[in-house]
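Good morning, colleagues. Please look at the model on the screen while I go through its salt bridges, its cores and its confidence.

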Amino acid sequence: MLKVTKALVTMALILACVATVDAAEKGAKKKKGNKQRTVQIQALKLPATIELSADQKEKVAALKKEYSPKFVALQKKNREILTPDQIKARRTAMKEAKDAGKKGKELREAVSSALKLSDEQSKQMKEVSGEIRKLNGEVRGKLQSVLTADQLAKIKKPAKGGKKKNKKKKNS
């Protein structure tokens, strides 16, 4: 009877140790996973109305795999331009502007005014933004060779330089 009791107590201790180690490993994996951000390649954001064939899905996945490291590098470069205080200010301004219902140009203006960039930082940010636009254009070009004409017609065309089309104003 004593041997059976010892064996049961030993097994219980072993299971408790294993469970503790397993829980600690899962917690570490969750923390590590939260820090890794997935890169959203703007040119590869397809509307839900577009259904891809298996072959097209493979090709789009290959494009993501090819271009994701380039976009990660550019995002890192972009983050290195800003000071930690500016990063906090950007987050706060972004949240406040979104909560206020601002979108597009209004949102960008609110965030950029909160950043208070130096001339050098502005110059660097413009360079990185230009590189990102160039890379998005490259991805868009490759995506066009993957999609059919019908699928391409469903994709919104990106705005060119923020210029508005000539719209007639109604006088009231």
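D55 and K59 form a salt bridge, with their closest N and O atoms 3.4 Å apart. By salt bridge I mean a side-chain nitrogen of Lys or Arg within 4 Å of a carboxyl oxygen of Asp or Glu. The two residues are 4 apart in helix 2, so about one helical turn separates them. D55 is partly exposed at 42% relative accessibility, and K59 is partly exposed at 40%. Here buried means under 20% relative accessible area, exposed means over 50%, and partly exposed lies in between (1.4 Å probe, protein chains only).

Please note that this is a predicted model, in which local features need pLDDT of at least 70 and side-chain atom pairs count only at pLDDT 80 or more, while totals for chains, interfaces and linings use all residues. Residues are numbered from 1 along each chain as its sequence is written, and side-chain values use heavy atoms, with hydrogens and water left out.

By this rule there are 4 salt bridges. Another of them pairs E66 with K142, at 3.3 Å between the closest N and O atoms. E66 lies in helix 2 and K142 in helix 5, so this pair ties together parts 76 residues apart in sequence. Helices are DSSP runs (H or I, at least four residues), numbered from the N terminus.

The largest nonpolar core has 13 residues, and I41, L44, Y67, F71, V139 and L143 touch the most other members. Such a core is a set of buried Ala, Val, Leu, Ile, Met, Phe, Trp, Tyr and Cys residues joined through side-chain atoms within 4.5 Å. Helix 2 gives the most to this core, with 5 residues. Leaving aside residues up to four places away in sequence, L143 touches A43, L44, L46, V60 and L63; contact means heavy atoms within 4.5 Å.

Which helices do the buried residues of helix 5 pack against? They pack against helix 2 and helix 3 (84–99). Among these buried residues are Q121, N136 and V146.

Finally, confidence. The chain averages a pLDDT of 76, and 67% of the residues score at least 70; pLDDT is the predictor's confidence in each residue, from 0 to 100. Confidence is highest in helix 5 (residues 119–146), at a mean of 90, and lowest in helix 1 (residues 2–35), at 54. Over residues 31–36 pLDDT stays under 50, and the model has 0 contacts there beyond four places in sequence.
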